[in-house]
Amino acid sequence: ILKVRGEAAAGICVRNRGSEERRGLRSEAGAEQHGDGDMDPMKAQQLAAELEVEMMADMYNRMTNACHRKCVPPHYKEAELTKGESVCLDRCVAKYLDLHERLGRKLTELSVQDEEMMRKAAICLKVSPAENC
């Protein structure tokens with residue numbers, strides 16, 4: 001689940017995007033913010049959906065390229081995949097998707113821990129700003 005708040009979160013995007021496009025996303029996100037720094041919820045949801053589609057397309061392209069390089073020789077001898085190439089591709093895709101899922105779970109877990117620490121720090125600062133909590 002991707003939460004988008006303000007310019008900083010909108011700047012997180014696919015690594016392949018050019019800096020001009022990232023700046024465009026940031027300014028677009030910034031233009032839709034309310035006075036308190038939060039994005040319009042509908043705009044945030046739309047941006048999150050667009051980023052998710054783009055990240056999935058990027059993951060698919062990376063997987064395709066990696067598995068093709070690994071399993072299919074550069075000079076084709078036949079028009080169809082051989083049994084060995086097919087098996088290799090099946091295993092490669094399965095491993096890639098499994099790893100992608102595991103990384104997603106771990107990143108989500110780390111994000112939740114980060115949010116919890118930030119929430120605790122904010123509470124600490126409100127309760128006793130002069131002390132170290």
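Tutor: Buried stands for under 20% relative accessible area, exposed for over 50%, and partly exposed for the range in between, with a 1.4 Å probe and protein chains only. The model is predicted: local features need pLDDT of at least 70, side-chain atom pairs count only at pLDDT 80 or more, and totals for chains, interfaces and linings use all residues. Residues are numbered from 1 along each chain as its sequence is written, and side-chain values use heavy atoms, with hydrogens and water left out.

Helices here are DSSP runs (H or I, at least four residues), strands are runs of E of at least two, and both are numbered from the N terminus.

For the setting, the protein has four helices and zero strands, in the order α-α-α-α along the sequence. Of its 133 residues, 20% count as buried. The accessible surface comes to about 10500 Å², 57% of which belongs to carbon and sulfur atoms; such areas come from the Shrake-Rupley method with a 1.4 Å probe, and for residues only the protein chains shown count as cover.

A search of the whole structure finds two. One joins Cys67 to Cys92, with 2.0 Å between the sulfur atoms. This pair links distant parts of the chain, since Cys67 sits in helix H3 (residues 41-71) and Cys92 in helix H4 (residues 83-127), 25 residues apart. The torsion about the S-S bond of Cys67 and Cys92 is about -85°, so this disulfide is left-handed. Cys67 and Cys92 are both buried.

The other disulfide is formed by Cys71 and Cys88, again with sulfur atoms 2.0 Å apart. Cys71 lies in helix H3 and Cys88 in helix H4, so the pair ties together parts that are 17 residues apart in sequence. With a torsion of about -70° about the S-S bond, the Cys71 and Cys88 disulfide is left-handed too.

Cys71 is buried, at a relative accessible area of 8%. Leaving out residues up to four places away in sequence, Cys71 touches Glu85, Cys88, Leu89 and Cys92; contact means heavy atoms within 4.5 Å. Over the protein, 46% of the contacts with a separation of 6 or more are between residues 24 or more positions apart.

Side chains of opposite charge can pair when their charged atoms come close. A salt bridge is counted when a side-chain nitrogen of Lys or Arg is within 4 Å of a carboxyl oxygen of Asp or Glu. The count by this rule is five. In helix H3, Asp58 and Arg62 are four residues apart, about one helical turn, and their side chains meet in a salt bridge at 2.8 Å, N to O. Asp58 is buried at 14% relative accessibility, whereas Arg62 is partly exposed at 29%.

Arg102 is partly exposed at 48% relative accessibility, and Asp98 is partly exposed at 34%. Arg105 and Glu101, both in helix H4, are likewise four residues apart, about one turn, and form a salt bridge with the closest N and O atoms 2.8 Å apart. Glu101 counts as partly exposed at 46%.

Last, the confidence. pLDDT is the predictor's confidence in each residue, from 0 to 100. The protein averages 77, and 68% of the residues score at least 70. Confidence is highest in H3, at a mean of 94, and lowest in helix H1 (residues 6-10), at 37. Over residues 1-34 the pLDDT is below 50, and this stretch has 53 contacts in the model beyond near neighbours in sequence.

Technical notes: Disulfide = S-S within 2.5 Å.
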